[in-house]
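This report describes the fold, the strand pairing and the ligand surroundings of one protein model. The structure is shown first, and the description follows.

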Amino acid sequence: MNSSTINELNHSFMEQAWLLLKAKKDAPNYRKATGPKKCGNCKAWDSSKTDDPMTGYCEWYDFMCRADHTCDAWVGKK
Ligand code: SF4
């Protein structure tokens, strides 16, 4: 196994560990959005999990959130 493969494995492990850690905490400062940063346009938002367009699944914090809400971990989609 070369060092770049080990680096990739380490990266993947750290990513999984981080996702697991984050999932155990509540979304930081989850609240009604007052600006353009909303769950509905966050990278973690998955609208395919529900039929309601205003409700989606937060993949990072493992809960159903509202499209018009936000939290401090918001990251825009690319
Ligand atoms: S803003 Fe926060 S709660 Fe909403 S989808 Fe993104 S990470 Fe999840």
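Two strands are taken to pair if DSSP finds at least two bridges between them. Helices (H or I, at least four residues) and strands (E, at least two) are DSSP runs, numbered from the N terminus. The model is predicted: local features need pLDDT of at least 70, side-chain atom pairs count only at pLDDT 80 or more, and totals for chains, interfaces and linings use all residues. Residue numbers start from 1 along each chain as its sequence is written.

**Overall architecture**

A residue is termed buried if 20 or more other C-beta atoms lie within 10 Å of its own, exposed if 12 or fewer, and partly exposed in between, with C-beta atoms placed from the backbone. By this criterion, 14% of the 78 residues of the protein count as buried. Contacts are defined by C-beta atoms, placed from the backbone, that lie within 7 Å. Among contacts between residues at least 6 apart in sequence, 60% join residues at least 24 apart.

**The sheet**

Three strands form an open sheet in the order β2-β3-β4, with antiparallel pairing. Strands β2 (45–46) and β4 (63–66) are at the edges and have a single partner strand each, so one side of each lacks a neighbour in the sheet. The antiparallel pairing of β2 with β3 extends over two bridges, while four bridges join β3 (residues 55–58) to β4, also in antiparallel orientation. Individual bridge partners are listed below.

| Residue | Bridge partner | Strand of the partner |
|---|---|---|
| Asp46 | Tyr57 | β3 |
| Gly56 | Cys65 | β4 |
| Cys58 | Phe63 | β4 |

**Loops with positive phi**

The hairpin of β3 and β4 has four residues between the strands, and Asp62 takes a positive phi near 60° there. Asp62 is a residue other than glycine; it is partly exposed, with 16 other C-beta atoms within 10 Å. A positive phi of about 60° is also found at Asn29, which is not a glycine. Asn29 belongs to the loop between α1 (3–24) and β1 (31–32), and it is exposed, with 10 other C-beta atoms within 10 Å.

**Ligand surroundings**

A residue counts as near a molecule if its C-beta atom, placed from the backbone, lies within 6 Å of it. The ligand is surrounded by 14 residues, of which the closest are Ala27, Cys39, Cys42, Cys58 and Cys71. Cys58 is also the residue whose bridge partner in β4 is Phe63. The shell comprises 13 nonpolar residues, one polar and no charged. In this classification Ala, Val, Leu, Ile, Met, Phe, Trp, Tyr, Cys and Pro are nonpolar, Asp, Glu, Lys and Arg are charged, and the others, Gly among them, are polar.

Notes. Two residues are in contact if their C-beta atoms, placed from the backbone, lie within 7 Å.
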